[in-house]
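Hi,

Here is the structure I promised to pass on. Please open it first, then read my notes below.

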Amino acid sequence: MTFNRATAIKEIEQPQKWDVLIIGGGATGLGIAVDAATRGYRTLLLEQSDLAKGTSSRSTKLVHGGVRYLAQGNIALVYEALHERGLLLKNAPHLVHDQQFIIPCFRWTTKLLYLLGLKFYDLLAGNSGFKKSVSLSAAQVATAIPGLATDNLMGGISYSDGQFDDARLAINLAQTAAHYGGVILNYMQVRSLTKSSNGLVDGVAAEDMETGKSYLLKAKTVINATGVFVDEILKMDQPQGKPLVRPSQGAHLVLDISFLQGDAALMIPKTKDGRVLFAVPWYGKLLVGTTDTPLNEHSLEPVPLATEIDFILNTAGQYLRKKPVKSDILSAFAGLRPLAAPGKSTHHTKEISRSHKLIVSDSGLITITGGKWTTYRKMAQDTIDRAIDLGKLAMVKCITDQVKIFGADGAEVLKLRNFIKTDPDFGEQLHPAASMTKGEVIYMIRHEMARTVEDVLARRNRTLFLNAAVAGELAPAVASILAKELNHDEEWLAEQLAEFNRLVQQYLLRCDEQ
């Protein structure tokens with residue numbers, strides 16, 4: 001199956017019944033699409049916006065077991081996540097790499113405590129391809145992180161976890177699913193569920209957000225994998241049902257790498273209010289976060305709160321020689337974690353489960369929620385296994401622990417390079433401060449299902465997240481290429497630029513001051 005939107009539209013226009021229909025194109029939904037397609041099921045995934053538009057492009061970019069979950073005694077979750085971390089390193093080496101983290105210690109007792117905890121972390125991880133934890137002297141810590149304030153520093157602990165590009169992994173998962181015959185569609189919103197005469201869900205009614213055309217799509221099993229939006233789909237099935245998730249917001253700030261210096265990341269396991277703080281080098285910048293703020297509402301484009309921004313800046317300033325201020329922020333973004341909390345009311349997200357949960361409604365609708373990026377593959381396996389247990393699908397064994405993610409063999413990089421060589425204009429650099437050529441943008445449109453300026457600059461390329469001002473300067477050139485490739489008029493182009501500029505202002509914290 002070609003990873004192309006026009007081809008996918010033709011597929012859903014054919015009268016057929018899908019084996020698996022997935023609602024939601026984030027990490028979980030895409031993982032399920034890969035799992036189902038690799039088992040040979042006829043698979044369709046529908047996403048209301050762009051792939052990984054929501055939470056799945058707004059993570060801390062870590063593939064990790066979760067050191068803080070170990071401190072909470074959630075050993076089973078950490079063990080599972082560490083196993084999945086190793087599989088991701090093996091199956092997506094082009095996107096996942098070993099990242100050194102250093103915990104600075106200012107008391108010998110805390111150093112001993114963290115060293116013992118991380119040795120247990122190593123033990124749980126086994127031989128998974130990541131370096132083991134080691135004790136560091138104060139001088140070694142200062143050398144590894146030149147930007148660290150060293151007053152009263154007693155030493156530190158070095159350990160390894162995985163780092164990745166979340167949105168790029170999402171795109172590659174979509175391409176993997178398509179490679180195995182799955183059909184993936186962005187900008188296709190599910191408007192309602194359809195049911196058989198006996199009240200069982202047997203499909204969806206969906207609308208193409210680009211054309212307004214409606215589709216009636218039938219399936220043996222329908223899976224709700226919409227993250228913080230799961231309750232909206234559940235209400236289509238049971239209008240009076242209780243909410244299943246409680247969203248928690250995580251804000252991140254991007255700064256110049258000069259605030260940290262070096263290649264090692266900084267990890268503060270316990271801040272004044274009990275939260276964890278990371279400062280991680282990412283694509284030549286410094287990603288700092290995150291917060292854990294319970295919310296009662298959700299949106300596709302959440303905004304960092306003033307309190308979250310202040311918390312990150314103030315906490316980072318306690319550990320860095322150069323104290324960051326608001327004017328240093330290159331980009332600020334927030335994501336919403338879909339924490340599973342059925343029947344629970346809490347103002348402390350540490351009390352809400354990070355484990356994933358599978359729910360089967362009386363109508364047969366399968367809902368998967370909770371979890372995190374690192375465990376997406378296991379979540380997908382559990383979901384399809386449950387559909388098999390329910391008799392909705394024929395028994396086929398899961399093989400995703402052995403499936404290489406699209407791009408892992410390096411062939412895609414070579415394909416892109418050769419594509420750029422086909423036209424002298426394709427090698428044109430679009431901005432001196434961003435590594436992006438005209439040919440790359442055209443490739444994203446033709447081969448990665450990019451439909452808007454945001455699709456290109458936020459998720460296929462990460463400029464919006466790394467330096468929002470530069471993204472704004474790139475937008476006119478990108479919009480022009482999109483308009484030509486997709487045959488859009490001047491009105492569309494103007495709307496795209498206006499919409500993206502509003503987003504840029506938000507990421508620069510220049511609009512609607514908190």
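Start with Ile75. Ile75 counts as partly exposed, because its relative accessibility is 38% (buried means under 20% relative accessible area, exposed over 50%, partly exposed in between, with a 1.4 Å probe and protein chains only).

A word on the source: this is a predicted model, where local features need pLDDT of at least 70 and side-chain atom pairs count only at pLDDT 80 or more, while totals for chains, interfaces and linings use all residues. Residues are numbered from 1 along each chain as its sequence is written, and side-chain values use heavy atoms, with hydrogens and water left out.

Ile75 sits in helix α4 (residues 75-91). Helices here are DSSP runs of H or I, at least four residues, numbered from the N terminus.

Now look at Ile442. It lies in helix α12 (residues 438-447). Ile442 counts as buried, because its relative accessibility is 4%. Leaving out residues up to four places away in sequence, Ile442 touches Phe419, Phe426, Ile481 and Glu485. Contact means heavy atoms within 4.5 Å. Phe164 is 278 residues from Ile442 along the chain, and their C-alpha atoms are separated by 24 Å.

Last, a helix pair. Helix α13 (residues 453-460) packs with helix α16 (residues 490-507) at an angle of about 35°, and their axes are 9 Å apart. Axes are lines fitted to C-alpha atoms over the stretch in contact, and angles run from 0 to 180 degrees between N-to-C directions. From α13 come Val453, Glu454 and Leu457; from α16 come Gln496, Phe500 and Leu503.

Best wishes

Notes: Helix = DSSP H or I, 4+ residues; strand = E, 2+ residues; numbered from the N terminus.
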